Amino acid sequence: MAWISVIGAVCGAVIALAGAVTVEAQRNRDERRRNRAAARLGYCLDFAVALDSAHSALREIAQDDNAAPDRLRRANRAVQSADVFAARERLLVAGTVELVQAGELAYQRLIAIRNAIRSGAALSSRDYHRAYHAYAEAIWQLRMAARVDLDQARMHPADLRRRSWSERENCQGCRETTARRVDRQRQSMERRAAGLLAPQHDDPRPACPTVSFMDETDGFRTPRLRGLPGVV
């Protein structure tokens with residue numbers, strides 16, 4: 001019955017080999033998964049850094065009073081030189097749906113800043129601040145999407161002692177703009193209350209005479225004007 005021992009040895013070897021192959025395949029899958037996650041994180045960080053670099057360059061243009069004649073070209077070059085477009089393409093291809101959505105929102109908000117500066121918005125202008133705070137909120141959402149992709153807890157503004165991700169509440173420029181708008185509204189209301197606004201002048205033209213009818217004995221109705229001098 002030696003052949004039974006041989007068959008048992010062969011079966012044991014096959015089982016051991018199959019187990020080893022399964023373990024190796026699982027290890028390879030785990031390694032590929034880790035590599036893809038690391039690549040996604042790298043693409044996301046590259047994109048966030050590119051957005052930040054482009055925004056810093058755009059801020060310099062916005063606060064340069066001598067940049068007006070060349071704003072269009074300089075604003076376009078600021079975004080291109082920061083490698084925003086290439087980093088965006090890598091994230092679009094390798095990122096998860098959540099990362100791509102958050103990245104696209106941040107990208108669109110950066111383009112809104114670029115367009116505002118190309119149109120002449122200064123660093124202290126309302127147009128720039130409106131675009132900037134929307135961008136600030138979007139870039140934080142991209143960071144939170146990256147944390148979730150790394151199996152980390154999503155953070156909230158209160159965790160970092162912030163009121164919001166947009167930073168509007170702590171913006172000195174926005175507070176000054178709001179204060180000026182409120183002051184203008186208050187002054188307008190005070191002038192209106194004091195009667196200093198242009199009054200509504202009475203129409204100097206005489207009232208239009210009215211027509212009435214009087215019955216005569218012959219049965220005809222004769223028109224008669226009221227409101228004219230000498231007419232009762």
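Is Glu167 buried, exposed or partly exposed, and what is its relative accessible area? In this predicted model, Glu167 is partly exposed, with a relative accessible area of 24%. The residue lies in the loop between H5 and H6 and, although it is not a glycine, has a positive phi of about 70°. Arg161, which is found in the loop between H5 and helix H6 (172–194), likewise is not a glycine and has a positive phi, here of about 60°. Arg161 is exposed, its relative accessible area being 83%. As background to these two backbone angles, most residues other than glycine have a negative phi.

In soluble globular proteins, nonpolar side chains tend to be buried together.

Two helix pairs that involve H4 were then considered. The axes of H4 and H5 come within 8 Å and cross at roughly 160°; because angles over 145 degrees count as roughly antiparallel, H4 is roughly antiparallel to H5. The crossing in which H4 passes H5 is left-handed, and the contact of H4 with H5 has, by class, 19 nonpolar, two polar and four charged residues.

For H2 and H4, the axes also come within 8 Å and cross at roughly 160°, which makes H2 roughly antiparallel to H4. The crossing of H2 and H4, however, is right-handed. On the H2 side, the residues Arg71, Leu72, Ala75, Asn76 and Val79 meet Arg114, Ile117 and Arg118 in H4. Sorted by class, the contact of H2 with H4 has four nonpolar, one polar and three charged residues.

Methods. Residues are numbered from 1 along each chain as its sequence is written. This is a predicted model: local features need pLDDT of at least 70, side-chain atom pairs count only at pLDDT 80 or more; totals for chains, interfaces and linings use all residues. Side-chain values use heavy atoms; hydrogens and water are left out. Axes are lines fitted to C-alpha atoms, for helices over the stretch in contact, and angles run from 0 to 180 degrees between N-to-C directions. Helices (H or I, at least four residues) and strands (E, at least two) are DSSP runs, numbered from the N terminus. Angles under 35 degrees count as roughly parallel, over 145 as roughly antiparallel, 65 to 115 as roughly perpendicular and the rest as oblique. A crossing is left-handed if the near helix is turned anticlockwise from the far one by less than a right angle, and right-handed if clockwise. Ala, Val, Leu, Ile, Met, Phe, Trp, Tyr, Cys and Pro count as nonpolar, Asp, Glu, Lys and Arg as charged, and the others, Gly among them, as polar. Contact means heavy atoms within 4.5 Å. Buried means under 20% relative accessible area, exposed over 50%, partly exposed in between (1.4 Å probe, protein chains only).
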